[in-house]
Amino acid sequence: MMKEINILVLDDEKVFRKEIKEFLDGEGFSVLTAERPSEAFSILSENQIDIVILDLRLPEMDGLQVLTKVKEEYPDIEVIMITGHGDMDAVINAMRLGAIEYFPKPFRLLDMRAAIQRTKRYIALHEQLKEINQTYSLVSKDLIESIGSEIIGNSFGIRQVVDLMGKVAKTDNTSVLITGESGTGKELVARGIHYLSSRKKSYFYAVNCSAIPDTLFESEFFGHKKGAFTGANEDKAGWFEVANGGTLFLDEVVEMQPAMQSKLLRVLEDRKIRRIGSSIDIPVDVRIIAATNQDINKLIEEGKFRSDLYYRLNSFQIHIPPLRERKEDIPILFDYYIKHISNRMGKKITQVDPTIAKAMMSYNFPGNIREMRNMVERAIILSEGGRLTMKNFSGLIAPADSTSTTGVIGEEIFDLDLIEKIVIMKALERTGYKKTEAAQLLNITRQALDRRLEKYDINL
């Protein structure tokens with residue numbers, strides 16, 4: 001419920017002041033009155049005022065001067081101007097100076113009440129916007145302090161994501177489904193929810209469901225007892241036990257086989273697990289955050305994903321928009337990654353060709369933020385003399401079907417490790433950061449690609 005509206009009436013006509021006050025008091029408003037501007041500013045300094053009803057003609061200074069001073073010293077106060085003189089220039093100036101309404105005398109008090117009600121709604125919306133902005137700032141600050149990274153951007157889409165993160169973090173057990181294309185930052189959002197929640201002192205465990213062989217899925221999720229199967233040489237805790245009290249992040253949850261989907265659903269409903277080879281149930285207190293870059297509703301229609309598991313996971317959904325739908329964030333991200341990556345590499349960048357940012361604004365970024373980060377990293381590796389030029393960003397201008405490494409690795413690079421790293425990053429960009437497809441393009445196994453990603457510290 002919105003707080004009570006406090007009104008100050010500044011008019012040198014006693015009868016008029018009294019009439020307005022008596023009427024507005026009867027309408028449930030809190031009303032103070034002043035005859036002179038000096039008296040009014042004394043009241044403003046000692047009271048929380050929301051609306052000033054201000055006469056144009058006053059002693060000491062005119063109403064426009066009072067309006068200017070009010071807006072300078074109390075910018076959140078709204079001003080309704082009144083006058084018995086038909087001076088249209090004064091009316092126009094008052095509106096330009098920030099008055100929200102204007103009434104010529106005489107006017108109906110009912111019209112004044114309607115104007116105050118409109119102003120009241122405006123004040124409520126303004127307070128709501130301030131609260132959202134404050135929440136966004138606090139969430140961003142907390143994220144920086146907790147996970148060393150910020151959800152970068154000022155677009156409406158990303159601010160909405162941050163707002164939803166802050167809201168769902170206040171709940172303790174609500175399951176969250178994060179949707180968005182590959183590279184949009186789904187794990188970062190999941191980590192942000194964890195570190196903003198009461199579970200932040202417990203473990204955050206991230207699992208890529210597409211990377212676990214079907215034969216090991218149950219053991220990895222629920223653990224096993226020693227001797228439960230060949231190779232089970234000791235007791236092992238599963239992911240649910242590891243993340244007990246904290247958060248379990250299931251990336252690409254739709255890759256789970258139907259049998260495992262059923263077992264996961266049962267754990268979410270019963271809040272307990274049983275290790276393979278054991279007859280003892282273990283209670284678990286875990287928040288599940290799941291993510292996918294696929295059309296989950298289509299998979300449900302095709303019978304590839306259980307609808308009841310979807311409804312259990314989708315208690316609260318956050319969709320991260322792709323970078324191409326929030327282009328206003330591209331310059332901010334570009335600047336952030338130049339500073340962040342160059343500092344990490346110890347390679348100072350002092351000059352950036354302005355055409356790079358323009359080219360980025362017209363690029364579609366199929367790999368989203370991950371692609372931009374890797375693009376900037378590759379460019380900084382290739383840069384010379386502290387300068388970033390368009391030739392360092394060949395991906396922005398090279399044709400999509402080009403298979404040549406000319407311009408990608410450069411003519412003067414003879415470091416085989418560096419060449420391999422750049423070609424791997426190019427293959428990942430070409431395949432939308434799908435590691436299996438990238439491995440096929442590079443003519444190596446998925447496991448070999450994983451080893452190289454770890455070797456070159458390429459984080460996906």
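E101 and R118 pair up in a salt bridge, with their closest N and O atoms 3.0 Å apart (a salt bridge being a side-chain nitrogen of Lys or Arg within 4 Å of a carboxyl oxygen of Asp or Glu). The two residues sit 17 apart in the chain and link distant parts of it, E101 in strand β5 (residues 101-104) and R118 in helix α5 (residues 109-147). Keep in mind that this is a predicted model, where local features need pLDDT of at least 70, side-chain atom pairs count only at pLDDT 80 or more, and totals for chains, interfaces and linings use all residues. Numbering runs from 1 along each chain as its sequence is written, and side-chain values use heavy atoms, with hydrogens and water left out.

**Salt bridges**

- The structure has 26 salt bridges in total.
- In the E101 pair, E101 is buried at 16% relative accessible area, while R118 is partly exposed at 38% (buried is under 20%, exposed over 50%, partly exposed in between, using a 1.4 Å probe and protein chains only).
- R199 and D172 also meet through their side chains, at 3.5 Å from N to O.
- R199 lies in the loop between α7 (186-196) and β7 (204-208) and D172 in the loop between α6 (156-169) and β6 (176-179), so this bridge ties together parts 27 residues apart in sequence.
- R199 is buried at 3% relative accessibility, whereas D172 is partly exposed at 33%.
- D285 joins in too: D172, R199 and D285 are linked in a network of salt bridges.
- R306 and D308 form another bridge, with the closest N and O atoms 2.7 Å apart.
- R306 is partly exposed at 32%, and D308 is partly exposed at 32%.

**Helix packing**

- Helices α13 (residues 330-345) and α14 (residues 354-361) have axes that come within 10 Å and cross at roughly 130°.
- That makes α13 oblique to α14 (under 35 degrees is roughly parallel, over 145 roughly antiparallel, 65 to 115 roughly perpendicular, and the rest oblique).
- Helices here are DSSP runs of H or I with at least four residues, and strands are E runs of at least two, numbered from the N terminus.
- Axes are lines fitted to C-alpha atoms, for helices over the stretch in contact, with angles from 0 to 180 degrees between N-to-C directions.
- On the α13 side, I330, P331 and F334 meet I356, A357, M360 and M361 of α14 (contact meaning heavy atoms within 4.5 Å).
- By class, this contact has seven nonpolar, no polar and no charged residues.

Definitions and conventions
Ala, Val, Leu, Ile, Met, Phe, Trp, Tyr, Cys and Pro count as nonpolar, Asp, Glu, Lys and Arg as charged, and the others, Gly among them, as polar.
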